[in-house]
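Hi,

Here is the structure I said I would pass on. Have a look at it first, and my notes on what turned up follow below.

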Amino acid sequence: MLSSIIRRPWAGVAVSGALLALSGCSSLSSGALSSPETLFGLLKPYRMEVVQGNVVTQEVMAQIQPGLGRNQVRDILGTPLLADIFHGDRWDYVFTIARQGIQPQQRRVSIFFKNDVVERFEADTLPSEREFVAAITREQKLKKPDPDLTAEQIAALPVPAKADTQATKVPQGAVRDYPPLEAGRP
């Protein structure tokens, strides 16, 4: 191969160019510019917000007590995300959320029935409603716009004329050139 590069100088340039390009790729992959979230550190792709399942909080779960029927549980928690035909006496409520700017969350609640009545339930640590809202809310940093005018320029602006509040106008109705409809009635 070395002899073919010596006989064809343009092939040597092509090989050295390919090696240079490959060495550049390796430096990009180890550097800060390659992140799975960005394209060369410049563009960030849009990620769709994904919310699945039923939101179950401490306040909602406090309503579930042993002895409730299936319809009552469905009214309180909604339709279960998982109702397995092999485990007909178990309903699983799973909630997942993935939003940009917040940590992905997943919670699970399992309701176990015996004779169509709640026997027991198992749940992950559930947040209160306030904690849940705080956990999914992204902080928005609003930048206060810089004023376009300096303090001297604002002071130099003309003061608007005061409106005359003494004279009040009497409202007028529509101008008619025909008699009103009520005039012809006895």
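Arginine 120 lies over the face of phenylalanine 112, at 3.9 Å from the ring centre. For a charge to count as sitting over a ring, NZ of Lys or CZ of Arg has to be within 6 Å of the ring centre and within 35 degrees of the ring normal. Arginine 70 does this too, over the face of phenylalanine 113, at 4.4 Å from the ring centre.

Before you go further: this is a predicted model, where local features need pLDDT of at least 70 and side-chain atom pairs pLDDT 80 or more, while totals for chains, interfaces and linings use all residues. Residues are numbered from 1 along each chain as its sequence is written, and side-chain values use heavy atoms, leaving out hydrogens and water.

Now the rings. The count comes to 2 aromatic pairs (Phe, Tyr or Trp rings, the six-membered one for Trp, with centres within 6.5 Å; planes under 30 degrees apart are stacked, over 60 edge-to-face, the rest tilted). Tryptophan 91 and phenylalanine 113 pair edge-to-face, 4.9 Å centre to centre with 70° between the planes. They sit 22 residues apart, tryptophan 91 in strand β3 and phenylalanine 113 in strand β4 (strands are DSSP runs of E, at least two residues; helices are runs of H or I, at least four; both are numbered from the N terminus). Phenylalanine 95 and phenylalanine 132 are also edge-to-face, at 5.5 Å and 70°. That pair links strand β3 to helix α5 (residues 129-136), 37 residues apart. Both phenylalanine 95 and phenylalanine 132 are buried (under 20% relative accessible area with a 1.4 Å probe, protein chains only; over 50% is exposed, in between partly exposed).

Last, the packing. The largest nonpolar core has 14 residues, of which Val73, Leu77, Tyr93 and Ile111 touch the most other members (a core is a set of buried Ala, Val, Leu, Ile, Met, Phe, Trp, Tyr and Cys joined through side-chain atoms within 4.5 Å). Strand β4 gives the largest share, 3 residues. A second, separate core of 5 residues includes Ile97, Ile102, Phe132 and Ile136.

Cheers
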